[in-house]
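User: I would like to learn how to read a protein model. Please take me through it one feature at a time.

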Amino acid sequence: MKNTGKIILFASALLLGGCASTGANQSASENDPLEGFNRAMFSFNDTVDEAVLKPAATTYQDVTPSFVQTGIGNFFGNIGDVWTMVNNFLQGKVENGLNDFMRVAVNTTFGFGGVLDIASEAGIQKHKEDFGQTLGTWGVGSGPYVVLPLFGPSTVRDTAALPVDIYGDLWTHTTPVDVRNTGAVIRLVDQRAQALNATNLLEDVALDRYTFVRGAYLQRRESLIHDGVSQNSKPANAEGAAIKP
């Protein structure tokens with residue numbers, strides 16, 4: 001059930017992507033031929049979130065000690081670092097991949113299976129990579145924007161990559177099944193709890209939340225694929241065209 005937490009990516013997009021510009025929103029609109037369907041799915045996901053996820057996350061945040069929440073986040077984050085390592089290697093980022101390997105080794109060995117994030121304390125940087133980013137690095141275009149039921153904001157490329165991401169998540173191979181399912185639910189609720197403040201802010205400031213989320217999500221995905229380097233800032237060749245990696 002990895003990436004089920006994509007239903008809350010609009011919150012992280014708000015935190016990491018910031019407010020989308022008018023030009024970016026226009027560009028996003030041009031890449032949204034499925035807007036009617038997407039808005040319906042956005043409304044459906046909102047309904048599920050308001051009825052189930054948000055109340056569960058609020059209760060979890062209120063009753064679970066903060067150090068336990070931190071430990072849960074660290075534990076699943078350590079598992080996620082394994083798939084990030086694989087994708088860094090697939091993208092040719094050998095140094096980052098080795099860095100991720102060290103994170104997993106240190107946190108698993110000295111951090112009680114990842115409950116403690118010793119690696120970050122030691123200055124070993126954390127990355128976040130998925131197969132959608134890998135496809136983007138390989139030159140696969142994003143395709144139209146699409147909102148998936150329960151999973152939330154995506155693109156055609158990221159949707160195609162989703163089954164690979166799910167299979168690549170070590171937790172999906174955990175046995176017995178009841179432990180795997182229980183952990184998946186805890187993981188999802190913990191992720192939603194981490195985004196509560198951001199989503200509350202989004203509800204207050206965004207006139208059209210669908211448009212805001214779409215723009216922020218697409219901007220953030222583009223930034224992640226290019227490691228925060230603006231495509232407009234790339235060097236140009238003799239004919240003035242941007243040089244592609």
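**Reading the model**

Analyst: Starting at the N terminus, the elements of the protein follow the order α-α-α-α-α-α-α-β-β-α-α-α-α. Helices (H or I, at least four residues) and strands (E, at least two) are DSSP runs, numbered from the N terminus. This is a predicted model, in which local features need pLDDT of at least 70, side-chain atom pairs count only at pLDDT 80 or more, and totals for chains, interfaces and linings use all residues. Residues are numbered from 1 along each chain as its sequence is written, and side-chain values use heavy atoms, with hydrogens and water left out.

User: How many helices and strands are there in the protein?

Analyst: The protein has 11 helices and 2 strands.

User: What is a salt bridge?

Analyst: Side chains of opposite charge can pair when their charged atoms come close. A salt bridge is a side-chain nitrogen of Lys or Arg within 4 Å of a carboxyl oxygen of Asp or Glu. The structure holds 16 salt bridges. In one of them, Lys-126 pairs with Asp-81, with the closest N and O atoms 2.7 Å apart. This pair links distant parts of the chain, 45 residues apart: Lys-126 is in the loop between helix 6 and helix 7 (131–137), and Asp-81 is in helix 4 (residues 66–90).

User: Is Asp-81 buried or exposed?

Analyst: Buried means under 20% relative accessible area, exposed over 50%, and partly exposed in between (1.4 Å probe, protein chains only). Asp-81 counts as buried because its relative accessibility is 1%. Lys-126, at 42%, is partly exposed.
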